[in-house]
Amino acid sequence: MHKAIEENPKIKNTLERINNVARIGIWELNLTTKDYTLDKITSDILDLKNRNKINLKETITLFKDKVHRKNIKECMTNLINNGDSFDEEVALETITGKKIWARKIGLADKENGIITRVYGIFQEITEIKKTETQLHSVNSELKSIINSSAVSIVSIDKQGDVMQFNSGAEKLLGFSAEEVIGNLPPTSILLKDELASFSKEFASKFNKEHIQNFNPFYELGLQDIKDTREWTFRKKNGTLFPVELSLTPLKNDLDEYLGILGIFYDITDRKKAEAELLKKNQLLNYAEQITMMGNWSWNMISNEIIWSANMYNIFGRDPKILKKVTFDTYFNHIHPEDRKEVSNFIEITVKEDKFTDVLHRIVLEDGTTKTVHLLGELITNELGEPIEMIGTCQDVTQLRMAEIKFRGLLESAPDAMLIVDEEGTIQISNKQAEKLFGYPSIDLKNKPVELLIPEKFMHTYKSNNNNFFTNIKTSETEKSKELYALHKNGEKIPIQISLSPLETEEGLLISVAIRDITEQKHSEYKILKAKERLEVLTDNLLNKNRQLADFAHITSHNLRAPVSNLNSLLGFYNSATDEEDKAEIFGKFEIVIGHLTETLDTLVEALKTSNGAPTELKKLNFEDILNKTKEILTGEIEATNATIISDFSLVDSVLYSKLYLESIFLNLMSNALKYKSPDRDPVIELKTTLIKNRITLTVKDNGLGIDLEKHGHKLFGLNKVFHRHPQAKGIGLFMTKVQIESLGGTISAKSQVNEGTTFIVTLN
Amino acid sequence: MKNHFNVCIIDDDDIYQFTIVKTIKALGLAKKIMVFSDGEEAKDFMLDNIKNNYELPDVIFLDNNMPIMDGFQFMEEYTKFKPQLDKKITVYMVSSSVDPVDIERANNVSEINGYIIKPIKPGQLKSIIENLNA
């Protein structure tokens, strides 16, 4: 044959062409040199670039896989030594590194038991191998599916006998494959009712009389119908469970019906999840009904809107009648006055890619108006284009009504009202607040209350607030606090604040009633001023009154007494007959007139002084005044052997009338000397101090003392004397007091009989 | 019967003393006239003669405005020792003060039988003393 090919070039050509297509090459091994001679195809397969010679050893290295290398080595050794032919599929790498599969056939010629020639065929089978591998993997996948327990597979032939019953089916149903294969499937698996209704359905579908031996599965195969539905299966142990069963007719190449394949799986969990979902959906529906809320989704591309059940309720539509909801359905329900606002809102939502919320009215078909609160979210595709909106819609008519009522209440309040949250952020404000603070309501919303109650006063406010929150139970009664508020124009307004808590679903809110008390403050100020003026006036009047009383007293006692004496004396004088009597009476006249003159002089001086005849005030040094007084009293001081101690170190001078201060010193010191104790030499102590910021002079003696309980009330009266003393005339202290008081000072005394007296003079 | 009364004058005013004594004497109204310059002197005298009805006055003309012990202070003392007295003594307060405060104050002292504003007229003096009999 070999020879014949070589000899016939036509055949040879044809063969070569076939070889080329089938990638079949030939090789021969030189037994002496162990070099292969390769034809062009073999050389190509091995990427030898037209080399037609390659050493046996070199080819061995091409077999990268150890097993394959070992195998081909053995094959070649046996061929060369024993002439054993071989036909092997091997994996190898060409010299350029290409991974290929090849079929190598080795043959040997023998002559007289001696191997004379070794040659063979080399075919590339990479593609075939690849297909084979793929087929193999598909096969094994299929096998693994059929054998898997996740899917249950049962096939039935056209007689109704079970052909296949995989491990999944075994596991699920509890029957073993041996038990069922070749037999009719156990009738206990299907529920009679379900089977009956399935039969009935198919019988009516194909207009077959529903007869006892109508087999729906057979019919299914005949009609070439696939059916997938839920069934309830019964396990061998009697347990029922839901499955999804797909029935597919099996046919051969000639389209002949062979049987039916059933694939099913346990859908207990799915059913459970479905039931759960259903329950949740019911709950949602229920919740939506309670909250008067519905949910919607708007496919903006198809303009289809899906409404939840309660959306239909809210809009008073029947889902059975209104099958398709579009944007127009919704839009037509919007109150005509609110349409523009809603359109704008949607436009902004799409533009800014952000859905906030909007409140608008809707009109139902029966004319009812409702207020709804629309909340939503915008869904965009990868390009950022809006494709869908989803959201909720709540019927807030009642809330709105309540809010309107609340607003009405708020607006009718006489005070400015703010509703703030716990953070102090303004939620609602009324018209009066706008007026009081100068901001429009919109500008106040969501602003901190500090805007209106400036920082300076916030401490009080905050501490109030803290207290308020922590003791919310105890401070539920209104709390009032006077504060200042800031008008938009920066003006400070005195205000009074009442806080009261509002428990709401959104948390605790505080209503703040703010009253402008500018007028009140103003009036208060005026009243205060008037009161101050009145007090001054009253003081003045009291002073005048006291002076008048003093004066009345003086006229009563000091002027009337001598006058009545004069009258009496005049009576005697007139009735007196002898000259001696007349002369005596006349002498009395002189005494009385002398007294009267002295009293009048004192009075005139006192009136001048107390009427505030302006006296020149000078800075006077106490030491100087004392020295001058001592000079005047030199005689008395020496006669009484008096000691005079002075301490003007704390206050050494005073702004005062020189005449008065000299008179005060003279009167107090001469009194101290005049009413000295007969038992001891007089000691006079003078001291200046500051008492309550007023310069105070104390003059202390160790003289007779005065019983102040008895005489205290007339100590500083005119012509009051407390001692049977020849020089007591009762003018000194009276004048001293008048002088001191005329310059706004006071004088008082402390005394113990036989111990001494201390006069305390507050100079200014 | 006319002049068996002891009349007591308590007043620091010399001229008044002179005129009233002269008047009483001229009218012959008293058995005896005693004159004290202040309350304390009179009180001391009365305490010294507390049981001596012969020396004690029947009527006292008491000035209000006096040094040492004034009329009201004297009345306080008088009220204290009055229970020891066995003699009815009539007290008139005699003052130059027309101050209603003084008059009111005198009226509030139950032991003071009347308030006479100076100068006391002879006729007034006479009728007072004559009425002591009644």
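**View 1. A:Glu28 and its partner across the chain.** A:Glu28 is partly exposed in this predicted model, with 30% relative accessible area; here buried means under 20% relative accessible area, exposed over 50%, and partly exposed in between, using a 1.4 Å probe and protein chains only. A:Glu28 pairs up with A:Arg117 in a salt bridge, and their closest N and O atoms sit 2.9 Å apart. (A salt bridge is a side-chain nitrogen of Lys or Arg within 4 Å of a carboxyl oxygen of Asp or Glu.) The pair ties together distant parts of the chain: A:Glu28 is in strand β1 (residues 24-30) of chain A and A:Arg117 in strand β6 (residues 114-124) of chain A, 89 residues apart. Helices (H or I, at least four residues) and strands (E, at least two) are DSSP runs, numbered from the N terminus. A:Arg117 has 22% relative accessibility, so it counts as partly exposed too.

A word on the model: it is predicted, so local features need pLDDT of at least 70 and side-chain atom pairs count only at pLDDT 80 or more, while totals for chains, interfaces and linings use all residues. Residues are numbered from 1 along each chain as its sequence is written, chains are lettered from A and ligands numbered from 1 in the order in which they are written, and side-chain values use heavy atoms, with hydrogens and water left out.

View 2. Look for A:Lys40 and A:Asp44, whose closest N and O atoms are 3.4 Å apart in a salt bridge. Both belong to helix α3 (residues 40-45) of chain A, and they are four residues apart, about one turn of the helix. A:Lys40 is exposed at 55% relative accessible area, while A:Asp44 is partly exposed at 28% relative accessibility.

**View 3. One turn along helix α25.** The side chains of A:Lys737 and A:Glu741 meet in a salt bridge, 3.1 Å from N to O. They are separated by about one helical turn because they lie four residues apart in helix α25 (residues 732-742) of chain A. A:Lys737 is partly exposed, with 21% relative accessibility, and so is A:Glu741, with a relative accessible area of 37%. Elsewhere, salt bridges with shared partners join A:Glu230, A:Glu244, A:Arg270, A:Lys271 and A:Glu274 into one network. Over all chains, the structure holds 37 salt bridges.

View 4. A:Leu283, A:Tyr286 and A:Ile290 make up a nonpolar patch on the surface, with about 350 Å² of accessible area together. Patches are made of residues with over 30% relative accessible area and no salt bridge, joining like charges within 9 Å and nonpolar side chains (Val, Leu, Ile, Met, Phe, Trp, Tyr) within 5 Å. Accessible areas come from the Shrake-Rupley method with a 1.4 Å probe; for residues, only the protein chains shown count as cover. A:Tyr286 belongs to helix α11 (residues 268-291) of chain A, and it is exposed, at 52% relative accessible area.
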